[in-house]
Each structure stands twice: as C-alpha cells, then as structure tokens.
Amino acid sequence: YLSLEASQTWILYWIAHSLNILGRKLTESEARGITRFCLECRTEQGGFGGGIGHHPHAAATFAATSALFIAGTVLPEAFEVLDRRKFLHWVLRDLKISLPEGAAFRVTRDGESDVRATYCVLATASLLGVLTEELASGVASWISCLRAFDGGFGGEPYNESHGGYTFCALASLRILNDSGFLSEKEFESLVNPCRKWLLLRQRQFEGGFQGRPNKLVDACYAYWIGASCKIVDVEFNASALARYLLRYCQDFETGGFRDKPGSDPDFYHTCYALS
C-alpha cells in the first residue's frame, strides 16, 4: 500500500461507501475514526490532502468530503470538519484557471488541470452547497472541447476518449444542468453524440465494459461507463454486466472484487463494482 500513501482519504471513501451500499451502517467508532483522520488531513488552505501533512488536492478533497458525509449519518459532528467558506476560497484562488476554451480546475496549486479535477471540484461544491456562478462560469464551454471525434470525452482537449474521463465530463455537465448553469437544450447538444460511444463499450462476450476501444473489460468501468449511461439515459444489458461482475470479478475466497479474472481484489474495484 505504499503506492496508495497519497490516497488514504480515497481508501476511507471506498470502504465506507462499499459498506453503505451493502446496507452495513458504520459503527460510531468507525465514523469517529474517519472524522478524526480527515480532520488531520484538512489543510489551512481549505482543502484536504490525501494523507496527513499532504498538500490540499481536489480529488483527495472530494474523497474526504464524501467519506465525512457517510460518517455524518452516524456521527453528526463529522460535518463540522467541512469548512465551506475556506473550500470555496481555495478553489477560486488556487484551482480555477482561465483557458482559451473556457475555464477548468487544477488538482492542486501548480498541478495539472483536467476533467477529473473539474468533476471533483464541482461534485464537492455541489455537496457543500457552494456551487456559485463565479465557480461555474466558463466550465461547460471548456468541457465541450474535450469531446473526441468518436463521441467520447478525453481528459484534456485533443486527448483520446476514455471511460473515466467521459464519466467526469458527463457528471460535471449534469451537475451544471441540475444547478441551473446549463439549460436542458445545451446539455443535450453536448451529450447526445456520446450515447453511441457508450453503448459500444459493452463487450458482448464478457458482458462487462471496456474503458476504451480495443481494451480489455474492467470491473471499475461497470461504474464509469454504467453511470455515464444512467446520466444520459442509455439502455445497456444490465443482466450481462451483473453476470460478469458477480461470477468472474468477485473473489469467493477472500471477498471483494477484482478488475478481471486472474487479478487480486482491492478496495477500489470493490467500491466501483458494487456502485
């Protein structure tokens, strides 16, 4: 787990969310542990680091916020760790950038800007109730430039279409649409070319989804592509997908889900296979 040292808030979220889906409520002790750890990962700037002493990061902040929301259903003081005003100030000061195509967000100050960072910022702002016009302006225009020639979305302009980035783009557009910053007509014009690309990601033989053309299926894309289909109302073969996940990705000896047969189960694929 050394490679996940900067993803500790994600590990909290993956486990807490998986338990939540399975109907197993956190104990007060577990909720207190999540709250205490996230408090130690909170930074003066306003976001959360992936571990104690780390710089604030958009993805780590989204994970910590989501974990605290789950913990808060058991332990209300978990919500007190979240500082909405500081988060908004940090995002507008350090993360939002103007680009020729519109506006996007960095993952951290001087870090990369891609649609993953943009989704994490918008999702966190939506959860915290601070998705302001100043924060949202220009974002839909930038996302519209991420669509590749085949209909999917890449992480940055002119990138190859990718299942994870396509989810981030579609989910961001849906958040902007639901919050009144993007009309239904504008939303439809941006997402409609993506529908066929999404359908083509389900492989008939395995039943699972691939993240890109000519790639193997992977359990996590059951969420990245499956959720994308839900966002834009695309029908896929749900029973074939369930068969692939439950028969071939579930580890019946240790529990948990793996990306594909032959691999070991992990918290990431368990969370997104269940999701």
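Trainee: Where does the charged end of arginine 201 sit?

Mentor: In this predicted model, the charged end of arginine 201 sits over the ring of tryptophan 197, at 4.9 Å from the centre of that ring.

Trainee: How many aromatic pairs does the structure hold, and by what is a pair of aromatic rings described?

Mentor: A pair of aromatic rings is described by two things, the distance of the centres and the angle of the planes. This structure holds 15 aromatic pairs. One of them joins phenylalanine 62 and tyrosine 119, whose centres are 5.5 Å apart with 70° between the planes, an edge-to-face arrangement. Because phenylalanine 62 belongs to helix α3 (residues 58–72) and tyrosine 119 to helix α5 (residues 115–128), the pair ties together parts that are 57 residues apart in sequence.

Trainee: Are phenylalanine 62 and tyrosine 119 buried or exposed?

Mentor: Buried means under 20% relative accessible area. Phenylalanine 62, at 10% relative accessibility, therefore counts as buried, and tyrosine 119 counts as buried at 12%.

Trainee: Why is the pair of tyrosine 223 and tyrosine 272 called tilted?

Mentor: Planes under 30 degrees apart count as stacked and those over 60 as edge-to-face, with the rest tilted. The planes of tyrosine 223 and tyrosine 272 stand at 35°, with the ring centres 5.3 Å apart, so this pair is tilted. The pair links distant parts of the chain, since tyrosine 223 is in helix α11 (residues 221–231) and tyrosine 272 is in helix α13 (residues 267–274), 49 residues apart. Tyrosine 272 is buried, having a relative accessible area of 5%.

Trainee: Which residues do ring pairs link into a cluster?

Mentor: The cluster linked by ring pairs includes Phe62, Tyr119, Tyr223 and Tyr272, together with Trp10, Tyr13, Trp14, Phe167, Trp224 and Tyr268.

Conventions
Residues numbered from 1 in each chain as written. Predicted model: local features only at pLDDT ≥ 70, side-chain atom pairs only at ≥ 80, totals over all residues. Heavy atoms only, no water. Phe/Tyr/Trp six-rings, centres within 6.5 Å; stacked < 30°, edge-to-face > 60°. Helix = DSSP H or I, 4+ residues; strand = E, 2+ residues; numbered from the N terminus. Buried < 20%, exposed > 50% of the residue type's maximum accessible area, 1.4 Å probe, protein only. Lys NZ or Arg CZ within 6 Å of the ring centre and 35° of its normal.
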